[in-house]
Amino acid sequence: MTTFSFLDDYSEGAHPDILSALTASNLEQQRPYGDDDYCADATARVKARLGDRFQGAIHYVASGTLANIVSIAACLRPHEAVIAATSGHIVTREAGAIEATGHKLIVVPPVDGKLTPQSIETALDSNAHFPHMAKPRLIYLSNATETGTVYTLAELRAISTLARQRGLLLFVDGARLGAALASDQNDATLADIASLADIFWIGGTKAGALIGEAIVVCHPELAVDFAFHLKQRGAMLAKGRLLGIQFQALFGDKDLFFQNARHANAMAARLAAGIVANGHALASETATNLVFAILPDTVIEAMKRDFDFYVWERTDASRSLVRLVTSWATDVRQVDAFVARLAELRGQARATG
């Protein structure tokens, strides 16, 4: 039986404060469909982080896939397309959900997991034979990226500037936005994101919520009638209060959203350091709560007896890339047990080598 899991950052339930808030409010009667006191207060708390110039809207949905589907479909006409990195979540991990809405994905190679103005320009130039090609209209990026890297404020500004110059919309997938903003390599704020993106979402599920993401519609024209897109896509919960209560807690006095993200990042940094200390290489620097390490297949087989994690891809005849994810609930003992087992295996290899 697996002792510890590093598969993802949502294997645990929810932060105890969130469960307590849900329980405490359980028998209160509230208006349905997000028109409740908890959603209103959560929205006020989130807006306080978005800057004085924010004039958009905030809506709550149950999952990241819903957030992506609703947001992208609301932005595009039938002939318009999305520019995304080949590693983007909507490209590799959502079973064609965006294509199922009728929109083409135009994919470009990432640089350290990220889009660049140059790659976006290339996509625009390569998809300009109108009306015979789908028209690029929306730039999709995730922060943190699928490889755990973080966009700097300068990088976000450059992409936002390009988008506005070329008449494009900028959409940020924020499944791990907490981890990105809590990263030592980050210099952007939620207010910066709101000023640069046309629409983005704040991931609650991977930040300690039971379920829930907050879609932030920054562009005033997109905000109009956005609720209709939620309803038509099945994203408007009758008991919308359940999402509002959780974001109220995440952005409450304890600042759980950032507190949880900082903890997850710290556990990942500790894990990465232990992997390197035991003679193994990282595929990339650990900036958030994702650790990508290259391990011998024999080590992976042995580690799998006590720990659960994804083997991402083979790197050569005897080694593979693995992905290890820490969460708001990862205990330091879990990390240290993983590192100690690596050290034990290293000692055994030396003794038999």
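**Sheets and helix packing**

Tutor: Strand β3 (residues 80–85) pairs with β4 in the parallel sense, over 4 bridges. Pairing here requires that DSSP finds at least two bridges between two strands. Strands (E, at least two residues) and helices (H or I, at least four) are DSSP runs, numbered from the N terminus. One more caution: this is a predicted model, where local features need pLDDT of at least 70, side-chain atom pairs count only at pLDDT 80 or more, and totals for chains, interfaces and linings use all residues. Residues are numbered from 1 along each chain as its sequence is written, and side-chain values use heavy atoms, with hydrogens and water left out.

Student: Which residue stands opposite V82 in β4?

Tutor: L105 does.

Student: What order do the 7 strands take in the open sheet?

Tutor: The order is β2-β8-β7-β6-β5-β3-β4, with mixed pairing. β2 (57–61) and β4 (105–108) are at the edges with a single partner strand each, so one side of each has no neighbour in the sheet. From one strand to the next, the twist averages 25°. That angle is between N-to-C directions, on a scale from 0 to 180 degrees, with axes as lines fitted to C-alpha atoms, for helices over the stretch in contact.

Student: Which strands does α3 lie across?

Tutor: Helix α3 (residues 64–75) lies across β2, β3, β5 (135–142), β6 (169–173), β7 and β8 (213–217). Its direction is at about 175° to β6. Contact means heavy atoms within 4.5 Å.

Student: And where does α2 lie?

Tutor: Helix α2 (residues 37–47) lies across β2 and β7 (199–203), at about 125° to β2.

Student: New topic. In what order do the 4 strands of the other open sheet run?

Tutor: They run β9-β10-β13-β12, and the pairing is antiparallel. β9 (281–282) and β12 (310–314) are the edge strands, each pairing on one side only.

Student: How many bridges join β10 to β13?

Tutor: There are 7, between residues 290–296 and residues 319–325. V291 has L324 as its bridge partner in β13. α13 packs on this sheet, touching β9, β10 and β13, at about 20° to β10.

Student: How do the axes of α13 and α15 cross?

Tutor: Helix α13 (residues 256–277) and helix α15 (residues 332–352) have axes that come within 9 Å and cross at roughly 10°. α13 and α15 are therefore roughly parallel to each other, a label for angles under 35 degrees.

How values were computed. Parallel < 35°, antiparallel > 145°, perpendicular 65-115°, else oblique.
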